[in-house]
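Trainee: I would like to learn how to read aromatic pairs and a nonpolar core. Could we go through them slowly?

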Amino acid sequence: MFSQEHFIPVEPTGLPYLIVIDSLVVDGEWPVSSGEIGVFDGELCVGAIDWDSYEGQNLTITAWQRVEAHGLDGFTPGNPINFIHWIMTLGK
């Protein structure tokens with residue numbers, strides 16, 4: 001299995017928010033290669049997951065909420081969250 005960390009999320013803050021992705025379709029099809037999904041609050045990556053050979057199973061990503069009192073970066077409740085998908089293809 002090839003593994004590469006494309007997105008670098010914030011450090012865990014102790015305030016996790018679980019995001020379940022129950023369907024991943026790219027250009028009308030399930031991706032057959034490995035990849036990574038990053039969860040962003042603005043420019044800040046607040047969570048990420050690597051996956052290998054997606055076959056329609058649920059993917060769970062932990063996003064971390066900021067803790068301002070302790071100076072810990074994370075998402076701010078109420079802000080929009082964006083997902084960025086990165087696909088790794090070998091041999092192409």
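Mentor: Let us begin with a term: a residue counts as buried when its relative accessible area is under 20%, as exposed when that area is over 50%, and as partly exposed in between. Please keep in mind that this is a predicted model.

Trainee: How is a pair of aromatic rings described?

Mentor: In general, a pair of aromatic rings is described by the distance of the centres and the angle of the planes. Here there are two aromatic pairs. In one of them, phenylalanine 7 and phenylalanine 40 lie 5.6 Å centre to centre with 80° between the planes, an edge-to-face arrangement. Phenylalanine 7 sits in the segment before β1 and phenylalanine 40 in strand β2, 33 residues apart, and the pair thus links distant parts of the chain. Both phenylalanine 7 and phenylalanine 40 are buried.

Trainee: Why is the pair of tyrosine 17 and phenylalanine 75 edge-to-face?

Mentor: Planes over 60 degrees apart count as edge-to-face. The planes of tyrosine 17 and phenylalanine 75 stand at 70°, with the ring centres 5.9 Å apart, so this pair is edge-to-face. Because tyrosine 17 lies in strand β1 and phenylalanine 75 in the loop between β4 and β5 (82-88), the pair ties together parts that are 58 residues apart in sequence.

Trainee: Is phenylalanine 75 buried or exposed?

Mentor: With 7% relative accessibility, phenylalanine 75 counts as buried, whereas tyrosine 17, at a relative accessible area of 48%, is partly exposed.

Trainee: Which residues make up the largest nonpolar core?

Mentor: The largest nonpolar core has twelve residues in all, among them Ile19, Val39, Trp51, Ile61 and Phe75. Strands β1, β2, β3 and β4 each supply at least two residues of this core.

Key
Residues numbered from 1 in each chain as written. Predicted model: local features only at pLDDT ≥ 70, side-chain atom pairs only at ≥ 80, totals over all residues. Heavy atoms only, no water. Core = buried A, V, L, I, M, F, W, Y, C linked by side-chain atoms within 4.5 Å. Buried < 20%, exposed > 50% of the residue type's maximum accessible area, 1.4 Å probe, protein only. Helix = DSSP H or I, 4+ residues; strand = E, 2+ residues; numbered from the N terminus. Phe/Tyr/Trp six-rings, centres within 6.5 Å; stacked < 30°, edge-to-face > 60°.
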